[in-house]
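Colleague: I am new to this one and would like a short tour. Could you show it to me and then take my questions?

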Amino acid sequence: MVKDHHPDCLVSTGWLEAQLGDPALRIFECTTWLRPAEPGETVPYHPEPGRADYEQGHIPGAGFLDLPNELSRQDAPVHFMMLPAEQFAAVMSRHGVGDGTRVVLYSRDRIMWATRVWWMLHVMGFEEAAVLDGGFEAWQADGRPVSSAPAAYPAARFVARPRPGLMVDKQTVAAALGDAGTRLINTLSEADFEGALPSRYGRPGHIPGSVNLPWPSLTQPESNLLIPLEEAADRLAALGAPAAERIVCYCGGGISATMGLFVLHRLGYDNLALYDASMAEWARDASLPVERGAAGRKG
């Protein structure tokens, strides 16, 4: 049987409902939508926080985290880049997250928005965070209560304890090309990975030497729940993950890759990193190599 090394990182709707009202609990919706860019625009999409959906109905007591605006750098050339530690700490403090609190994150449609915020908290040394399995869809499917009442938490003091090496840049990734000890995992769809379709990120394809773990394969489509950990372990084994000294995950903009990192963390892999800018940066830099085809899809 596969061991879950961090069972507190994933919570069920039943567990969360039983905890509602706990004064130390901080629940946040992180939903984000990607609106298509117009022809000729230089950005792949326009991120839109899902606040309107949240205001129509959310988990009782939950606050809202605006990922594209308050939790991403606004001066970066690509979307969703990680904030500096001081700014991240200020946002979390404002939302009531600090020592002695426990955070549960959820999103709609795709769990990746919750795992993105979970990864950022992990990078900043905060380990009392979990993701709601199945997100808001599972919450509703299980008949749990929904509220439209505004919710916020009293301000706290978040102390950032950055963990070096968990966020990497293109220079680090480029230096790792051909390194037998590093496994690059791309979590975009098979078609995006293979470069079979035009890419909204620039040149179609993937970073040479990568293997493909499509993010949709990590959830059960009928329920939005994560696949069993045993199944995820088998898929990663087929990609050569157990033999790697270090694993770097990437995608289009550093979001779906955090689903892979979340699963890897639970499986006990500890030398993990996210290429934050991912293909949004790599594909547009003509000095960097891009590979097409399925040769590396399964390792």
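**A first tour of the chain**

Modeller: In the protein chain, 77% of the contacts with a separation of 6 or more are between residues 24 or more positions apart. Please keep in mind that this is a predicted model.

Colleague: How many helices and strands does the protein chain have?

Modeller: The chain has 10 helices and 12 strands. Its radius of gyration is 19 Å, close to the 19 Å that the globule rule gives for 299 residues, so the chain is as compact as a globular protein of that length.

Colleague: What box do the C-alpha atoms fill?

Modeller: Taken along the principal axes, the box is roughly 50 × 50 × 35 Å.

Colleague: And what share of the residues is buried?

Modeller: Buried residues are 52% of the 299 in the chain. The accessible surface is about 12800 Å², and carbon and sulfur atoms hold 51% of that surface.

Colleague: How many positive and negative side chains are there?

Modeller: There are 25 positive and 36 negative side chains, and the centres of the two sets lie 3 Å apart.

Colleague: Turning to the sheets, what is the strand order in the one that contains S1?

Modeller: That sheet is open and has five strands in the order S1-S7-S6-S2-S5, paired in parallel. Strand S1 (10-11) and strand S5 (63-64) are at the edges with a single partner strand each, so one side of each has no neighbour in the sheet.

Colleague: How many bridges join S6 and S7?

Modeller: Three bridges join them, in the parallel sense, with S7 covering residues 129-132. Leu105 stands opposite Val131 in S7.

Colleague: What about the sheet with S8, which order does that one follow?

Modeller: The order is S8-S12-S11-S9-S10, again an open sheet of five strands with parallel pairing. Strand S8 (167-168) and strand S10 (211-212) are the edge strands, and each pairs on one side only. Further in, strand S11 (residues 246-250) and strand S12 (residues 272-275) pair over three bridges. Val248 has Ala273 in S12 as its bridge partner.

Colleague: Now a helix. Why is H9 described as largely enclosed?

Modeller: Helix H9 (residues 257-266) has 10 of its 10 residues buried, so the rest of the structure largely encloses it. Among the buried residues are Ala257, Met259, Phe262 and Arg266.

Colleague: What covers the buried residues of H9?

Modeller: The cover includes S1, helix H4 (112-123), S7, helix H8 (229-238), S11 and S12. Just after H9, Gly268 takes a positive phi of about 95°.

Colleague: Let us look at single residues. Where is His95, and is it buried or exposed?

Modeller: His95 lies in the loop between helix H3 (85-94) and strand S6 (102-106). The relative accessibility of His95 is 17%, under the 20% limit, so it counts as buried.

Colleague: Which residues does His95 contact, leaving aside neighbours within four places in sequence?

Modeller: His95 is in contact with Arg26, Phe28, Phe64, Leu65, Glu70 and Tyr153.

Colleague: And where is Glu128 found?

Modeller: Glu128 is in the loop between H4 and S7. With 43% relative accessibility, Glu128 counts as partly exposed. Apart from neighbours within four places in sequence, Glu128 is in contact with Thr101, Arg102 and Val103.

Colleague: One last point: what separates the C-alpha atoms of Glu128 and Ala257?

Modeller: The two C-alpha atoms are separated by 21 Å, and the residues are 129 apart along the chain.

Technical notes: Residues are numbered from 1 along each chain as its sequence is written. This is a predicted model: local features need pLDDT of at least 70, side-chain atom pairs count only at pLDDT 80 or more; totals for chains, interfaces and linings use all residues. Side-chain values use heavy atoms; hydrogens and water are left out. Helices (H or I, at least four residues) and strands (E, at least two) are DSSP runs, numbered from the N terminus. Buried means under 20% relative accessible area, exposed over 50%, partly exposed in between (1.4 Å probe, protein chains only). Contact means heavy atoms within 4.5 Å. The radius of gyration is taken over C-alpha atoms; the globule rule is 2.2 Å times the number of residues to the power 0.38. Accessible areas come from the Shrake-Rupley method with a 1.4 Å probe; for residues, only the protein chains shown count as cover. Lys and Arg count as positive and Asp and Glu as negative; His and the chain ends are not counted. The place of a charge is taken as NZ of Lys, CZ of Arg, CG of Asp or CD of Glu. Two strands pair if DSSP finds at least two bridges between them.
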